[in-house]
Amino acid sequence: MSDRIWVGTKKGIFEVERGAGGWRIVKTHFLADDTSMFLSDPRSGTLLAALDHGHFGAKMHRSGDGGKTWQEVGVPEYPPQPDGEVEKDNWGKPWAWKLIRVWALEPGHKSQPGVIWCGTLPGGLFRSRDNGATWQIIDTLWNNPMRKGWFGGGADYPGIHSVCVDPRDGRHVHVGVSCGGVWATEDDGQTWNCRADGMRAAYMPPEKAYEPNIQDPHIVVQCPARPEAMWAQHHNGIFRTTDGAKSWQEIKEAGPSVFGFAVAVHPRNPDLAWFVPAQKDEKRIPVDGKVVVTRTRDGGKTFEVLRNGLPQDHAYDLVYRHALAIDETGDRLVFGSTTGSCWISENQGDSWSCLSTHLPPIRCIKFG
Amino acid sequence: MARVRFTANLERHVAAPTAEVAGETVCAALETVFQANPLLRGYVVDERGALRKHMLIFINGEQIADREKLSDKVGPTDEIFVLQALSGG
């Protein structure tokens, strides 16, 4: 059971601890700095904080002593762009191969100590073999011709936001791309295949709606005990696979809305998952100003709407894709919003307690 | 020797003392600074060596023309000032 939560925000990282009096913020790290991603690696205890300094670029800091001290380490760097190689954004403007933002940090397999995966904007997947000191681009994915079919959704550039390492086999990795579907390797990154069959993109012309490589899964999560079972909160709905992403099924009803950014799956029960819905693409606010969490216990056939302890009157909290987390027991959940509110549940979402309503906009939350 | 000064705002993240360096271009002058202070490099230029989008460089009060390769000429008594553009948030 995890008694510690890390809340990464636009203005620093807040360390939250459960003591005799409940949950409270015990320390701040990098106060006033924009934190795009955070990792607490359960294998080594290593902490990694990805900061976005705006003017000064994206930076990575590492702690080996639980956050008492931090050292700046390497950031993912893109390979030199070949002469004559031009890539253009959604508006036809050329863009350069350079790091914009760290958007995913995940530990490698337990048999690969020191391996950490990193997803970035624009569209990069990197791997460190030395606990984050240095990073190497996975050029088999970067140089895949289909990668140029990816495009930005929300952000100006495509980005890799999800990395799922199969607990049974560390060579088997799925990544989620906005907008570029889900990609899988079964040979440690030597070859990749797009696996988004069944996903539907309502934002595309009808003839392209089911094209795998343009899908916008906002986040992809994998059930650790049943890795072939995965969930995706997609731009226009919820999708589920039970065959390792070879096929996806759309969930068309899920409480007040199927739109949202975040999903969490129970560590042992692949049918049990949580979402934090928003009204819809064009209105990114909670339905009727009520913050709720939806929960399915039957693989998406039915959903409960959980609201005990959550604001139900003029609340306009939006929850980003990395801002909902579940601990290893599957009982504790935490989520945080763009308006700086943070709620914690210790009973699978049946009830929630408020940590704060005054934090900076919350970008990512991790137990550990 | 040209003098290179950095915005004081950098000091919150990384040491950026004023330096006296040789170099016929902005790129060469900064390269000398970065070799002595490697951590500073990534705060001023990206992995391609181009000036970061919201950074500015002036030589004796004149903004440089080449933000990509930093090829603007530098004289031995010139002052290079590296600073940030203002923005909100």
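Predicted model: local features only at pLDDT ≥ 70, side-chain atom pairs only at ≥ 80, totals over all residues.
Hi everyone, let me start with the cysteines: a search over all chains of the whole structure finds zero disulfides. Take A:Cys354, which is in no disulfide, its nearest cysteine sulfur being that of A:Cys342, 7.7 Å away.

Now to the place where the chains meet. Chain A brings 19 residues to the contact, and chain B brings 18 residues. Between them, chain A and chain B bury about 1500 Å², with 51% of that on carbon and sulfur atoms.

What about charges across that interface? The count between chain A and chain B is two salt bridges. One pairs the side chain of B:Asp46 with that of A:Lys98, at 3.8 Å from N to O. There are also seven residue pairs in polar contact across the interface of chain A and chain B, with both residues at pLDDT 80 or more. Sorted by class, the side of chain A that touches chain B holds eight nonpolar, four polar and seven charged residues.

Next, a histidine for those of you who like to think about side chains. A:His109 sits in the loop of chain A between β10 (101-107) and β11 (116-121). Is A:His109 buried or exposed? Its relative accessibility is 10%, and the limit for buried is under 20%, so A:His109 counts as buried. Its side chain makes a polar contact with the side chain of A:Ser111, at 2.8 Å. Leaving out neighbours within four places in sequence, A:His109 is in contact with A:Arg43, and also with A:Val165, A:Asp166, A:Pro167, A:Arg168, A:Asp169 and A:Gly170.

My last stop is a threonine. A:Thr35 lies in strand β4 of chain A, residues 34-40. With a relative accessible area of 0%, A:Thr35 is buried. So which residues does A:Thr35 touch, not counting those up to four places away in sequence? The list is A:Gly8, A:Thr9, A:Gly12, A:Ile13, A:Ala50, A:Leu51 and A:Arg363.

Terms used:
Residues numbered from 1 in each chain as written. Chains lettered and ligands numbered in written order. Heavy atoms only, no water. Helix = DSSP H or I, 4+ residues; strand = E, 2+ residues; numbered from the N terminus. Buried < 20%, exposed > 50% of the residue type's maximum accessible area, 1.4 Å probe, protein only. Contact = heavy atoms within 4.5 Å. Buried area = accessible area lost by both parts, 1.4 Å probe. Salt bridge = Lys/Arg side-chain N within 4 Å of Asp/Glu carboxyl O. Polar contact = N/O pair within 3.5 Å; in protein donor to acceptor, adjacent residues only side chain to side chain. Nonpolar A, V, L, I, M, F, W, Y, C, P; charged D, E, K, R; others polar. Disulfide = S-S within 2.5 Å.
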